[in-house]
Amino acid sequence: MTDAVRPLIAGNWKMNGLKASMTEFEAMLRGAPDVLDKADLLVCPPVTLLASFASKASSFGQEGRHVVSVGAQDCHKNVSGAHTGDIAPEMLADAGATAVIVGHSERRADHGETDAVVREKALAAWRAGLTAIVCIGETQGERDAGKTLDVCGTQLQGSLPDDATSGNLIVAYEPVWAIGTGLTPTVQDVEQVHKFICDRLTERFKNEGPSIRILYGGSVKPSNARELMAVPNVNGALVGGASLKAADFLAIAAGCP
Ligand SMILES: O=C[C@H](O)COP(=O)(O)O
């Protein structure tokens, strides 16, 4: 990926947030114009808050564009039907989402989602007009066994549909052992994996490949964002815990080169 790709700082709120969290989201919307020269911003709240966040984001828009876009954390592969508790990507789009995370390691672990399932969800996201943020990453055991690139290569091959473009796909590299632990890989390790992903995307998607954003995720904080965001082929971050606070989320964006 070239360094000309505009960074994206995406917040994954996971299973956090109540109606009162609107105050924090409003603080993000108010502060966003100060960092938009550095990065695009996306917040993925729990689905209960999606429509209200999207509606609030509309009222803060500049020249018809949201200063913070709103996304979702998962979707079903079908448009509708007898799937109790599931949400179709068309419903997410209807609620105001522009993107959806698929294949997060917590979904893969908690719900047994395979690469094939993730690929179906990414295709469903595209059907609904959403950008799919496809997550990949190795466990500690896999890293210790020297299998990081093998694991990421297999996940990329199996999870990404054909016909990806820079408009419909974002890849998030999230080492499982770095999520919520305060641990991060070395910048050399991040650089190696992101170059590997960029090379695979270019091989497979030709001219589109180098423009597909590759986010780093796993314990990104204001204190390490500047260093991580400066790594070649890192085009932003998928942020968990630190995205719950407007000040931290905006400070991470401010750290983009
Ligand atoms: O989707 C976000 C990641 O799982 C990272 O979470 P974290 O920033 O809390 O480590």
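**Notes on the predicted model**

1. Lys-206 is placed in the loop between H8 and strand E7 (213-217). The model is predicted, and in it Lys-206 has a positive phi of about 50° although it is not a glycine. Most residues other than glycine have a negative phi. Lys-206 counts as exposed because it has 9 C-beta neighbours inside 10 Å, and the limit for that class is 12 or fewer.

2. Ser-219 also has a positive phi without being a glycine, with a value near 60°. Its loop runs between E7 and helix H9 (222-229). Is Ser-219 buried or exposed? With 21 C-beta neighbours inside 10 Å, Ser-219 counts as buried, since the class begins at 20 or more.

3. Ser-219 is one of the residues that UniProt, in an unreviewed entry, lists under "binding site"; the others are Asn-12, Trp-13, Lys-14, Gly-180, Gly-240 and Gly-241. These positions are spread over 230 residues of sequence, yet they cluster in space, with a largest C-alpha distance of 13.9 Å.

4. Asn-12 belongs to strand E1 (residues 8-12). Asn-12 is buried, as 26 other C-beta atoms lie within 10 Å. Not counting residues up to four places away in sequence, Asn-12 touches Cys-44, Gln-73, Ile-101, Leu-238, Val-239, Gly-240 and Ser-243.

5. Gly-240 sits in the loop between strand E8 (236-239) and helix H10 (246-254). Gly-240 is likewise buried, with 21 other C-beta atoms within 10 Å. Leaving aside neighbours within four places in sequence, its contacts are Asn-12, Lys-14, Ile-179 and Gly-180.

6. Which residues come nearest to the ligand? Of the 14 residues around the ligand, they are Asn-12, Ile-179, Gly-217, Gly-240 and Gly-241. The shell divides into five nonpolar residues, eight polar and one charged.

7. Under "active site", the unreviewed UniProt entry lists His-104 and Glu-174. The two are spread over 71 residues of sequence but cluster in space, the largest C-alpha distance being 8.4 Å.

8. His-104 is in the loop between strand E4 (99-102) and helix H4 (105-111). Why does His-104 count as buried? The reason is its 29 C-beta neighbours inside 10 Å, against a threshold of 20 or more.

9. Glu-174 occupies the loop between strand E6 (169-173) and helix H8 (187-205). Glu-174 is buried too, with 25 other C-beta atoms within 10 Å. Beyond four places in sequence, Glu-174 is in contact with Ser-105, Cys-135, Gly-137, Ile-179, Gly-217, Gly-218 and Leu-238. Ile-179 and Gly-217 in that list are also among the residues that come nearest to the ligand.

10. Strand E5 (residues 131-136) is mostly covered, with six of its six residues buried.

11. How do the strands beside E5 run? E4 and E5 pair in the parallel sense over four bridges, and Ile-101 has Ile-133 of E5 as its bridge partner. E5 and E6 run parallel and are joined by five bridges; Val-134 has Val-171 of E6 as its bridge partner.

Conventions. Residues are numbered from 1 along each chain as its sequence is written. This is a predicted model: local features need pLDDT of at least 70, side-chain atom pairs count only at pLDDT 80 or more; totals for chains, interfaces and linings use all residues. UniProt positions are given in the numbering used here, feature names are shortened, and annotations may be inferred rather than shown by experiment. Helices (H or I, at least four residues) and strands (E, at least two) are DSSP runs, numbered from the N terminus. Two residues are in contact if their C-beta atoms, placed from the backbone, lie within 7 Å. A residue is near a molecule or strand if its C-beta atom, placed from the backbone, lies within 6 Å of it. Ala, Val, Leu, Ile, Met, Phe, Trp, Tyr, Cys and Pro count as nonpolar, Asp, Glu, Lys and Arg as charged, and the others, Gly among them, as polar. Two strands pair if DSSP finds at least two bridges between them.
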